[in-house]
Structures are given as structure tokens and as C-alpha cells.
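Q: I'm new to this one. Can you walk me through some of its side chains?

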Amino acid sequence: MQVAMITGAANGIGAATARIMVQRGMKVVLVDVDDETGRNLESELGPSAEFHRLDVSDPVGWVHLKDHVLETHGRIDILVLNAGTMSRPRGARVDDDTFGWLNQGAYERVLAVNQHGVVNGTMTFLPVFLQQESGRVLVISSVDALIPYPQDPFYAMAKASQLSFVRSMGELLKEFGVSVNALCPFSVLTDLTPENFRDLPERSISPEVFAEAVTYVLKSETTGEVWLKYHDTPEPCVHEFSEVQGIEKLYSPAPELVNGEARARPGSKEME
């Protein structure tokens, strides 16, 4: 039986994903700060699910959770890093004065959950994945990482950092049997959805539909990819990033130091 862990599991995308995974025979570790809703979901899903309260920005809490999971289940196969927050209160409208929400407290909270939470979770379980020579990490990001989002620049910045982390870690780990990908929704109807966006159902999808996209990406053989889930397409697709001109020269092998002088390594552009 595969063991999966989902952060932000008590509601929305996380809860919908947990239900699908349990239906498909997985053991699911539910992680959230919402005790009551998390416990209710644990009861609903039965013995195939267990709830743990964790603030994803707390690295010590992650270590304790890892120790428990390994002691109880002996392994971890899937890590879905879904916990997220915005500068505004959950569900607040986005047509008010943006500057009212852009403060130090909002900045620190948004980065703590969206950025630090992803890094903490990945790095806590990375030694386990490497020892197993298998593991799948999926970060639930946002299309706001790819476009200007003036309604919440802190959120957009944190989500963009997730994509850079995923693409770099995916490249780093591709030879070790560990995949790291990101999945970006355009709009999913959850308690994070701004009130005035809920009036546009034709542009949004349900958490249940998005959860199917989560399982689709987890079954793929890709790593280091950013996937998009449009509201009007049945399956997610890989986002194609534009190439940066001259990047091959930037990343040609670093020069060797010989008697204190820099000399190009064999095979680098400078040797051609």
C-alpha cells in the first residue's frame, strides 16, 4: 500500500485529493492546522487516513512528523504540498484597496506557508526518498506565479519561488528516482477563492475535478515540470518556458584554476 501525505488537507483541494487517494487504496496522512475539520475528515475516511496538526512553516514539527510516519508506516511514497495562504483573509474580495493588505505581517505569513512550507516538507523527506530511491513530490502552486497578480504581489512572489524550486530540484534529483513537479490551477472554488470570483463558475473548477489532475500528474514520469490545469481542458498540460538566450554559455563548465590562473575546462565553449 502506498503512503501519501497531503498538507492543507482539511479542506478544498487537499480534502478532495485525500478522498480520491483513499478510494484508490492508499494510506493518507492528512496535515493541516485546522484541527476540527481535519479530525472530521479523518473520521470520514476511516482507517486509511490519519490526521496530524502541523504548521508547515515549523521545521522541527516536520521532523517529528517524519519520525512518526516512518515508525508507523516504514516509508513515504507521495508528498503533496498543498498548504497555502494569501495576504487577504480567506475568501475576501480583491476589488478593494490592495495596499491595505500589503504589510509586514502579511508578507511574513505568506512566505512562511507558501515558500518555507514547501522547502521544509521537501527537505525533511528528501533523505527518505533518496534512501528508498523513489518518491514523488507535487507542489500545488498557482497560475499567479506565471503572470502579474497586482491583487496580491506577496502571494505571486511566493508562488513563483515554488516553481523555481521545483524546476531546480527536479533537475537535481532526476537521476535518483525522485520526481518533483508543480501543478498550477487557474481557479479552483475553495475557501481561498475571493468572494467576487465565485460569481464566475464558468472560469473555475471544483476541488474534485482538480484532484483528478493531481493524480494525473503524480502518475506521470516527468520531473522538474510545471503543469497547468485549465478550467476548460480535461487533463493538465506541461507549461513550456521560453529559452533564455545565451544560457548555454552561462552554464558551460566553470574554468579550472591552474597556478592561480583560470583556464577553460575541456569541452567548454571557451575551448571551441
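**Rings and charges**

A: This is a predicted model. To start with a charge over a ring, R167 sits over the face of F241, 3.7 Å from the ring centre.

Q: OK, and ring against ring: how many aromatic pairs are there?
A: The structure has 5 aromatic pairs. In one of them, W62 and F125, the ring centres are 6.2 Å apart and the planes stand at 85°, so the pair counts as edge-to-face.

Q: Where in the chain are W62 and F125?
A: W62 is in helix α3 (residues 59–73) and F125 is in helix α4 (residues 104–132).

Q: What about Y107 and F154?
A: Y107 and F154 also form an edge-to-face pair, at 5.4 Å centre to centre with 65° between the planes. Y107 belongs to helix α4 and F154 to helix α5, so this pair ties together parts 47 residues apart in sequence.

Q: Switching topic: where is D144?
A: D144 lies in the loop between β5 (135–140) and α5 (153–173).

Q: What is the nearest side chain of opposite charge to D144?
A: That is K159, 8.5 Å away. D144 is buried and has no salt bridge.

Q: Then what does D144 touch?
A: Leaving aside residues up to four places away in sequence, D144 touches Y149, Y155 and A156.

Technical notes. Residues numbered from 1 in each chain as written. Predicted model: local features only at pLDDT ≥ 70, side-chain atom pairs only at ≥ 80, totals over all residues. Heavy atoms only, no water. Helix = DSSP H or I, 4+ residues; strand = E, 2+ residues; numbered from the N terminus. Buried < 20%, exposed > 50% of the residue type's maximum accessible area, 1.4 Å probe, protein only. Lys, Arg positive; Asp, Glu negative; His and termini not counted. Salt bridge = Lys/Arg side-chain N within 4 Å of Asp/Glu carboxyl O. Contact = heavy atoms within 4.5 Å. Phe/Tyr/Trp six-rings, centres within 6.5 Å; stacked < 30°, edge-to-face > 60°. Lys NZ or Arg CZ within 6 Å of the ring centre and 35° of its normal.
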